[in-house]
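Please examine the structure shown below together with its sequence. The paragraphs that follow lead through selected parts of the fold.

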Amino acid sequence: MFFQNLARKNEIGANCYLIETSDSTIVLDSGMHPKEEGLQALPAHHEIPPSSVDAIVLSHAHLDHTGTIPVLMRDQQDAPLYLTQATADLAKALLHNSVNVMQHKRLEFGITEYPLYGHRELDRLATRWEPQKYEESWKINRDTELTFYDAGHILGSAGVMIESDEKRIFYTGDIQFEDQTLITGAKFPEEHVDALIVETTRGAAPRKADYDRDREEQKLLDAILDTLERGGSALIPVFAIGKTQEVLTMIQKFKLSGQLPDKTPVYMGGLSTKMTMIFDDLSDSTSRKVPDFKILEDMDLQTGSKKHKGAPITYRPGAIFCLSSGMMSEKTTSNIFAQTFISNPKNSLLFVGYADPASPGGVIRQTKLGDTVKLSKEQPAVVLNCPVEVFDFSGHATRDAILDYILKLTPKQVFLVHGDLAASEWFQQQITSRLPETECVIPIPGKKYSL
């Protein structure tokens, strides 16, 4: 039995992993690298012989895990894709949107490899998707059995247990053990496993010792109220899957409690609307803290001009704008909107998730009030006059919570993935000192490790 990291580097990017059991070859995830373009954005698919894979498993619908699934399925013509139903619905919408983005980049930047797949091909490949339920095992070959467990990260996210030859291998995918505002925390197995493949996203970033989620929500509410009181509006950049729905659920909670005026207009834009429709469609069939809440039905949301579909969202004072993308990437709704928004000192820019330091959102976070910041290559720099605040509503578990889980499982082997080197090294140091008999590996891309 073997494990191989098919990501090109030890980082968060084009996540993809290979497991070989005595009778099965399994690929876990196949993401697209957010900082690369063309073929460089792919995992190392070339290291897998064509038509050699028995099963592909998708942990959740974020692009860094899902974005190149169609390319992998094209090469592995007989392999079914196993995923949860919620991940299937979200991934289909995300991948069709990705086709549109790649077509645009081909025209604008001359990236001839784009699109990596098309709409018709995607629909054809989706006939090989086989949704599975949490905690109900299924066999892919005589001696290999798989089971999904709720990972608590986003709607439909799953860790997968692989059992073969009386060995147990568990891949966590992305995890959140704590309840979020809408999504409930992970429900992972706690009995011993032989090998654990675990995310290390927050390994280099300890959370403040006095952190409290309810208090963090209150801080966000206070920032919104302060903004409205001075006659401005709040811009909250959000990721289309997960963060949008979490923030809108918070806003609804603030309104229902009477802490936020019910008449406060709330705008959403970008891919978020399509993804929120899927969250609502599945509200009765997935684990949620507020199962009867349908965001688009129960909230009075604005999505721009109703007369002109696709028209840009226009500014108005006294409103909350929840716009994607969360990192304010160029040409996204949040980036375009911010061009004129951040120069108004009455407004506030409120970050509720991670932003890569090199992204426009990350650059703004490093810019001092009164300095200029360039949000787009095609637009002039703008002055940052509005307050910028950052809140911790991460969909990833803290490093301490993940470490506690590892110590509880006492695996014989741990493979540290989905993290920058500093993050993985923190886990390696902790595990080596606390579980001296456990083999703890930061897997070198391309190298095969015996299980």
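Helices (H or I, at least four residues) and strands (E, at least two) are DSSP runs, numbered from the N terminus. This is a predicted model, in which local features need pLDDT of at least 70 and side-chain atom pairs count only at pLDDT 80 or more, while totals for chains, interfaces and linings use all residues. Residues are numbered from 1 along each chain as its sequence is written, and side-chain values use heavy atoms, with hydrogens and water left out.

Aspartate 356 lies in the loop that runs between strand 16 (348–351) and helix 10 (360–365).

Helix 11 (residues 399–409) has as its buried residues Arg399, Ile402, Leu403, Tyr405, Ile406 and Leu409. Viewed down the axis of helix 11, these residues fall within an arc of 160°, so they line one face of the helix; the arc is that of the directions from the helix axis to the C-beta atoms. They pack against strand 10 (167–171), strand 11 (195–199), strand 20 (413–417) and helix 12 (421–434), where contact means heavy atoms within 4.5 Å. Just after helix 11, threonine 410 adopts a positive phi of about 45°.

Further along, histidine 418 occupies the loop between strand 20 and helix 12. Its phi is near 55°, a positive value in a residue other than glycine. Histidine 418 counts as buried, at 4% relative accessibility.

The bond from tyrosine 114 to proline 115 is cis, with omega near -10°, and proline 115 is found in the loop between helix 3 (85–109) and helix 4 (119–125). Serine 324 and serine 325 are likewise joined by a cis peptide bond, with omega about 10°; serine 325 belongs to the loop between strand 15 (320–323) and helix 9 (333–341).

Methods
Buried < 20%, exposed > 50% of the residue type's maximum accessible area, 1.4 Å probe, protein only.
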